[in-house]
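Subject: Handover of a structure

Dear colleague,

Please find the structure below, followed by an account of what was found in it. I would be grateful if you would read the two side by side.

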Amino acid sequence: MSRVQPELPLKVVPGKRSDARALAAKVFERHGITLREDDPAFALVTLNELTLRKVMGELLQEVDQHIKVGLAEFQGTMQQVEWRAGKMLAQQVRDSAGGLERAFREEIASARFGAQQMVEEIQNAHRVATLARWCAVGALVAIAVFACGFWAARL
């Protein structure tokens, strides 16, 4: 099996004579047909090239238009997704804030109850100390009165 090497296309710029010669040489090499530089075949090649350029330009414009429309649709969809995500995030933040608020209220109520108990215990301790103090003062006064009465009886 013989492998035929694929040949690279010639770079053709319309209006250049050297390109017409190169193309004519390539046609002769492949097909054995001699073409002159003013041969009508080159006019067909030029017409094909111009037609191809026009069709490619139109195709590129259509593709560009489809890309713009697709991009606009994508941006609209992204805005909707962002809006929905923002709405869901706001709801989750509200739910979390409500849970934190309940937890804080429970903690505050618990701390308030604990503080009330501590105040009552301090007041009870203070009452006992005050009662003991007044009992001591009363006992001292009673002893002093008794001593004064005893002293007055001796005189």
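I begin with F146, which counts as exposed because its relative accessibility is 63%. Here buried means under 20% relative accessible area, exposed over 50%, and partly exposed in between, with a 1.4 Å probe and protein chains only. F150 is likewise exposed, with a relative accessible area of 52%.

Before going further, please note that this is a predicted model, in which local features need pLDDT of at least 70 and side-chain atom pairs count only at pLDDT 80 or more, while totals for chains, interfaces and linings use all residues. Residues are numbered from 1 along each chain as its sequence is written, and side-chain values use heavy atoms, with hydrogens and water left out.

The aromatic pair

Rings of Phe, Tyr and Trp (its six-membered ring) pair if their centres lie within 6.5 Å; planes under 30 degrees apart count as stacked, over 60 as edge-to-face and the rest as tilted. By this rule there is one aromatic pair. F146 and F150 form it, and the pair is stacked, at 6.5 Å centre to centre with 15° between the planes. Both residues lie in helix α2, four residues apart, or about one turn of the helix.

The chain as a whole

The chain has two helices and zero strands; helices (H or I, at least four residues) and strands (E, at least two) are DSSP runs, numbered from the N terminus. Helix α2 covers residues 40–154. Of the 155 residues in the chain, 5% are buried. The accessible surface comes to about 14300 Å², and carbon and sulfur atoms account for 65% of that area. Such areas come from the Shrake-Rupley method with a 1.4 Å probe, and for residues only the protein chains shown count as cover.

As to confidence, pLDDT is the predictor's confidence in each residue, from 0 to 100. Its mean over the chain is 85, and 88% of the residues reach 70 or more. Over residues 1–8 the pLDDT is below 50, and this stretch has three contacts in the model beyond near neighbours in sequence. A contact means heavy atoms within 4.5 Å.

Salt bridges

A salt bridge is a side-chain nitrogen of Lys or Arg within 4 Å of a carboxyl oxygen of Asp or Glu.

- R36 and D38 are joined through their side chains at 3.2 Å, N to O. R36 is exposed at 58% relative accessibility, and D38 is exposed at 56%.
- R53 bridges to E49, with the closest N and O atoms 2.8 Å apart. Both lie in helix α2, four residues apart. R53 is exposed at 54% relative accessibility, whereas E49 is buried at 16%.
- K68 and D64 meet at 3.5 Å, N to O. These two residues are separated by about one helical turn because they are four residues apart in helix α2. D64 is partly exposed, at 38% relative accessibility.

The nonpolar patch

L52, M56, L59, V63 and I67 make a nonpolar surface patch of about 450 Å². Patches are made of residues with over 30% relative accessible area and no salt bridge: like charges are joined within 9 Å, and nonpolar side chains (Val, Leu, Ile, Met, Phe, Trp, Tyr) within 5 Å. M56 is found in helix α2 and counts as partly exposed, since its relative accessibility is 39%.

Yours sincerely
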